[in-house]
Amino acid sequence: MTPHDPQPPGRPRFEFRQRPSEAVARRARSVDVSFALWSVAALLGLAAALVMLLDLDGVQAAVRTVVDRDFSNETAVTRDRAVAAAAAVLVGGAFLLGVLTGIAATAMRAGRGGARFVLLLLLAVTVVEIVLAVGVVPPAVVALFVVAAALGVVAAVQMYLPGANRWFAARRR
């Protein structure tokens with residue numbers, strides 16, 4: 001080629017840009033704080049279930065006292081079934097709450113907005129578990145439930161702060 005020969009046109013230059021919905025948004029710090037609090041609450045729920053399971057005879061005796069006092073007109077078989085059912089609800093419910101809270105917290109941390117609603121429902125069920133447990137299970141177990149519920153309330157506030165809401169909205173797009 002000589003200097004007088006025309007040069008071929010240059011290649012067009014352009015950049016591929018991500019759509020705003022595809023841009024990786026940094027997870028809000030409040031989501032991480034919420035996840036940590038929910039995780040501790042889940043562990044406390046599992047610890048409460050373990051304590052009740054280790055003292056299952058004591059839990060059943062306390063439930064039997066309540067059932068015998070409040071349902072003295074029922075047959076012994078019916079009262080035995082009520083004691084077994086109530087103990088299963090207390091122990092199994094605590095275990096299930098702990099596991100489901102951990103799973104939902106992990107989903108929330110991954111950006112699934114629906115997990116926030118599930119966590120609120122689990123918090124409400126935890127409050128019901130506290131009401132059922134008062135006077136029936138050892139005070140240490142009730143204390144574990146109360147601390148777990150308090151952590152859940154703080155975690156719920158954290159996961160609905162404006163920064164967290166923006167992050168969940170960006171994840172939804």
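The structure is a predicted model, in which local features need pLDDT of at least 70 and side-chain atom pairs count only at pLDDT 80 or more, while totals for chains, interfaces and linings use all residues. Residues are numbered from 1 along each chain as its sequence is written, and side-chain values use heavy atoms, with hydrogens and water left out.

**Overall form**

- The chain contains six helices and zero strands, where helices (H or I, at least four residues) and strands (E, at least two) are DSSP runs numbered from the N terminus.
- In sequence order, the pattern is α-α-α-α-α-α.
- The C-alpha trace spans about 110 × 25 × 25 Å along its principal axes.
- The radius of gyration of the chain is 27 Å, whereas a compact globule of 173 residues would have one near 16 Å; this radius is taken over C-alpha atoms, and the globule rule is 2.2 Å times the number of residues to the power 0.38.

**Surface, burial and contacts**

- The chain exposes about 11100 Å², of which carbon and sulfur atoms supply 65%; accessible areas come from the Shrake-Rupley method with a 1.4 Å probe, and for residues only the protein chains shown count as cover.
- Of the 173 residues, 32% are buried (buried means under 20% relative accessible area, exposed over 50%, and partly exposed in between, with a 1.4 Å probe and protein chains only).
- Among contacts (heavy atoms within 4.5 Å) between residues at least 6 apart in sequence, 76% join residues at least 24 apart.

- Ser34 lies in helix 1, which covers residues 29-54.
- The relative accessible area of Ser34 is 0%, so this residue counts as buried.
- Apart from neighbours within four places in sequence, Ser34 is in contact with Met108, Ala155, Gln158 and Met159.

- Helix 6 (residues 162-172) has Ala164, Trp167 and Phe168 as buried residues.
- These residues lie on the same side of helix 6 because they cover an arc of only 95° around the axis; the arc is that of the directions from the helix axis to the C-beta atoms.
- The exposed residues Pro162 and Arg166 are carried on the face turned away from the buried side of helix 6.
- The cover over the buried residues of helix 6 includes helix 1, helix 3 (76-109), helix 4 (114-133) and helix 5 (139-159).

**Salt bridges**

- A salt bridge is a side-chain nitrogen of Lys or Arg within 4 Å of a carboxyl oxygen of Asp or Glu, and the count by this rule is five.
- Asp80 and Arg64 form a salt bridge, with their closest N and O atoms 2.9 Å apart.
- This pair links distant parts of the chain, since Asp80 is in helix 3 and Arg64 is in helix 2 (residues 56-70), 16 residues apart.
- Asp80 is partly exposed at 39% relative accessible area, and Arg64 is partly exposed at 31%.
- Arg27 and Asp32 meet through their side chains in a salt bridge of 2.6 Å, N to O.
- A further salt bridge joins the side chains of Arg69 and Asp70 at 3.0 Å, N to O.
- Arg69 is exposed, with a relative accessible area of 56%, whereas Asp70 is partly exposed at 44%.
- Salt bridges with shared partners join Arg27, Asp32 and Arg109 into one network.
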